[in-house]
Amino acid sequence: MIIYVRSGRETLSWSFPSLLGLGRQIHQSSSLIEEQLDPFSLVSDELSLVANRLRAMVIAEVPKLASAAEYFFRLGVEGKRFRPTVLLLMATALNVHIPEPVGGGVGDTVATELRTRQQSIAEITEMIHVASLLHDDVLDDADTRRGIGSLNAVMGNKLAVLAGDFLLSRACVALAALKNTEVVSLVATVVENLVMGETMQMTTSSEQRCSMDYYIQKTYYKTASLISNSCKAIALLAGRTAEVAMLAFEYGKNLGLAFQLIDDVLDFTGTSASLGKGSLSDIQQGIVTAPILFAMEEFPQLHAIVYQGFDNPENIEIALEYLGKSHGIQRTRELAMKHANLAAAAIDSLPESNDENVIRSRRALVDLTQRVITRNK
Amino acid sequence: MERVDPFSLVANELSLIATRLRSMVAAEVPNLASAAEYFFKIGAEGKRFRPTVLLLMATALDVHIPELSPPGIGDTLPTDLRTRQQRIAEITEMIHVASLLHDDVLDDADTRRGVGSLNAVMGNKLAVLAGDFLLSRACLTLASLKNTEVVTLIATVIENLVTGETMQLTTASNKRFSMEYYMQKTYNKTASLISNSCKSVALLAGHTAEIAMLAFEYGKNLGLAFQLIDDVLDFTGTSASLGKGSLSDIRHGIITAPILFAMEEYPQLRAVVDKGFDNPANVDIALEYLGKSRGIERTKELAMKHANLAAAAIDSLPQSDDEDVIKSRQALIDLTQRVITRNK
């Protein structure tokens, strides 16, 4: 059972991560009635707006990319539009509310403009995310020479490169339109980090594959950097202080890390709590994730297996056995929870606000940190 | 006014830029580092054409090369104007190389600049990632200039490069028979980078919109002239005769200005082009028509027209008595001639 006290309100939450899956939360509050709000519903209208604008931005004038465009939106739909949700909630949580449709004077126009700019960050983020997925999918010559290279595969390669470039160029133009060079730097850093993360994953030496530090760094680059830097960009656009911007960054970073760690667990456990029911795609691709790294600490014999690699399915079986005997899964969940709590703490450290919308959004962001670690898929 | 070699006027600065570029593309991830610096290694740098133009433009617009600082003083923030303009040259090169890396993947190219293409040597995916990495480094450098207008110009370049490449890959449509479409594609793929970076050099110096536009026009027309002659050389090579060039455009099914002009005189050529050029016999037929036509001459004429427009833009700049300014402007004009008289 875990109790943590946050700014006058007590939250009880207990979960039995490795055995029962879902956790339950009871909120008590002395001031406001806290219903359990679905974070996604808070921003669903805006999400539709963002999705429509994205669609318009990428389909225009480019017939050859129409088929690739469908791929964009399959990818974009995954994870329930997780990233844009976080960003839109963050925008509100930092005290810029969704302007009333029937607005008064200048103040509301300014607020609307700012909100639109922040929505643009969500769009830019999605374009970069999808662009990186497309480029990550590019095959190497070696793969095509092994007979996988049908004309389709080759066209797929070129289309993947071109479509990714297309999205990146659209993101650049949208970015330039914000006329904020600090935000340009943040987003450029994201692209750089995504590339570094993918390269790290492609080119790991046997030694690096066994290092938790290397793994966390790679995970930051591949998953957390995008959310952390775009959260920070949201804060910067709103003219918030460096401290607030840093809190936004820390939320995004820790949320992203927690998300990936649970992803790693689910790849082993799937929707059940038992091992080996997940897709096992990581280990089959020779990607060594946190559960295995933890297991290797308890069972050094596992090192040898990892060194050998996992082309041989028997090695996968052996690794799973060790994993089952170890605390690998539990320790990964614990680490995920640590990061989830850090994310929640960042939100709690934001300057106080009495605005109802702000409070609701902050609670939704905290709620997300829990959803990320209790989810089954 | 003696004819000064344009490249020698800026040779020292070019070395400085080359050195900085090499350090800018260094990465903490080893494979990425070797990929990114592949074309910045000494010997693989290309003709440094673009940086030369930009540095000459900077001087031509009255911004002088400062005295070289004494050794031992570290590289401080690029606050002085000339350094910022040099950054444009670096950004431009990074974007150019990034686009080459991706184009080679799209073209399945084996060689580039006389060495193995990166995708042939290290694989498609690493070439793509390296291109992305260079692009992000270019954007970081761009942001450090803290000039949102310049950011917009360069973002436009990036978009134009992709559009140009997409236009080139859209082979099925009738548009590839259109000279207008071809010129637009050529602008996107080749001229946009030079035109917009020339304009950026002017904007950084705080020049008026008119001067910025003249810089833009110089870059644009120089770029177009360059590409048109490139098209000719692909047919003629270093000789004046047809068919001695590499013929790589036509073999890739890319229809360039000479063929487009020839098609105006010989409509039958269109049917040949429609069939495509996988069959080498078709290439020979096309070359025959091209030889009979005025396609090559008309392309050279068009190139000269653009070269002259570029020179005119320089001549329209506000008068200056400064020797360096005059020399640089002369060099820029000289370049317009070199671009159209070159043999390779």
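This is a predicted model: local features need pLDDT of at least 70, side-chain atom pairs count only at pLDDT 80 or more; totals for chains, interfaces and linings use all residues.
Start with chain B, where helix α10 (residues 209–236) meets helix α16 (residues 323–341): their axes come within 8 Å and cross at roughly 20°. With that angle, α10(B) is roughly parallel to α16(B), because anything under 35 degrees counts as such. As for handedness, the crossing of α10(B) and α16(B) is left-handed. On the α10(B) side, the contact is made by B:Tyr218, B:Leu222, B:Ala225, B:Phe226 and B:Ile229. From α16(B) come B:Leu332, B:Leu335, B:Thr336, B:Val339 and B:Ile340. Sorted by class, the residues of this contact are 9 nonpolar and 1 polar, with no charged ones.

Over in chain A, A:Glu123 sits in helix α6, which spans residues 106–136. Setting aside neighbours within four places in sequence, A:Glu123 is in contact with A:Val50, A:Arg53, A:Leu54 and A:Met57.

That leaves the cysteines. Searching the whole structure turns up 0 disulfides over all chains. B:Cys139 is a case in point: it is in no disulfide, and the nearest cysteine sulfur, that of A:Cys172, is 4.3 Å away. A disulfide would need the two sulfur atoms within 2.5 Å. B:Cys139 is buried too, as its relative accessible area is 11%. A:Cys210, at 17% relative accessibility, likewise counts as buried.

Definitions and conventions: Residues are numbered from 1 along each chain as its sequence is written. Chains are lettered from A and ligands numbered from 1 in the order in which they are written. Side-chain values use heavy atoms; hydrogens and water are left out. Helices (H or I, at least four residues) and strands (E, at least two) are DSSP runs, numbered from the N terminus. Contact means heavy atoms within 4.5 Å. Axes are lines fitted to C-alpha atoms, for helices over the stretch in contact, and angles run from 0 to 180 degrees between N-to-C directions. Angles under 35 degrees count as roughly parallel, over 145 as roughly antiparallel, 65 to 115 as roughly perpendicular and the rest as oblique. A crossing is left-handed if the near helix is turned anticlockwise from the far one by less than a right angle, and right-handed if clockwise. Ala, Val, Leu, Ile, Met, Phe, Trp, Tyr, Cys and Pro count as nonpolar, Asp, Glu, Lys and Arg as charged, and the others, Gly among them, as polar. Buried means under 20% relative accessible area, exposed over 50%, partly exposed in between (1.4 Å probe, protein chains only).
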